[in-house]
Amino acid sequence: MTEVKSGDTVRIHYTGKLTDGSVFDSSDGREPLEFTVGSGQVIEGMDAGLAGMTAGEKKTLNIPADQAYGPSHDEARQTIPREGIPDDIPLEVGTQLQMQAPTGEVLPVTVVEVTEATVTLDANHPLAGKDLIFDIELVSIN
């Protein structure tokens, strides 16, 4: 039987959960996720966890934050005056917005706190600082 190694293109079904059991993503009802192992298309812990698997095999991967989306960085949070945001933009906790960095790069940010005077935006990946659990099924190896 063929085992997964770096450079292989694989197709997997997966369910991604936080350590409290809440599901944040799943391929359920969709086509399997296809990617090349070791290419950086998925998080490091997923690449490493697939090594040696065979088609049809199921496995649970416990991936620490440093092998997933990394730590949450305080410097990626910014509090700005509320009047700095146009009135037509909704300001509720959890709202996803886009900001333009000084370099011109567009950054996705999440509203994490709203007061009368300020809005706090977080540019960390929503899963940064979190350990993740993936239930995976290796559908195929090419």
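This is a predicted model: local features need pLDDT of at least 70, side-chain atom pairs count only at pLDDT 80 or more; totals for chains, interfaces and linings use all residues.
How far apart do the end C-alpha atoms of residues 7–101 lie? They lie 34 Å apart, and the span is 7% helix and 36% strand.

Residues are numbered from 1 along each chain as its sequence is written, and side-chain values use heavy atoms, with hydrogens and water left out.

Helices (H or I, at least four residues) and strands (E, at least two) are DSSP runs, numbered from the N terminus.

**The sheet**

- Four strands make an open, antiparallel sheet in the order β5-β8-β7-β6; two strands pair if DSSP finds at least two bridges between them.
- β5 (77–81) and β6 (96–100) sit at the edges with a single partner strand each, so one side of each has no neighbour in the sheet.
- From one strand to the next, the twist averages 40° (axes are lines fitted to C-alpha atoms, for helices over the stretch in contact, and angles run from 0 to 180 degrees between N-to-C directions).
- β6 and β7 (residues 106–114) run antiparallel and are joined by 5 bridges.
- Glutamine 98 has proline 108 in β7 as its bridge partner.

**The aromatic rings**

- There are 2 aromatic pairs in the structure; rings of Phe, Tyr and Trp (its six-membered ring) pair if their centres lie within 6.5 Å, and planes under 30 degrees apart count as stacked, over 60 as edge-to-face and the rest as tilted.
- Phenylalanine 24 and phenylalanine 134 form an edge-to-face pair, because their ring centres are 5.7 Å apart and their planes are at 90°.
- Phenylalanine 24 is in β2 (residues 23–26) and phenylalanine 134 in β9, so this pair ties together parts 110 residues apart in sequence.
- Ring pairs link Tyr14, Phe24 and Phe134 into a cluster.
- Phenylalanine 134 is buried at 6% relative accessible area, while phenylalanine 24 is partly exposed at 29% (buried means under 20%, exposed over 50%, partly exposed in between, with a 1.4 Å probe and protein chains only).

**Two buried residues**

- Serine 140, in β9 (residues 132–141), is buried at 18% relative accessibility.
- Beyond its neighbours within four places in sequence, serine 140 contacts Thr9, Val10, Arg11 and Ala55; contact means heavy atoms within 4.5 Å.
- Alanine 128 is in the loop between β8 (118–122) and β9, and is buried at 9%.
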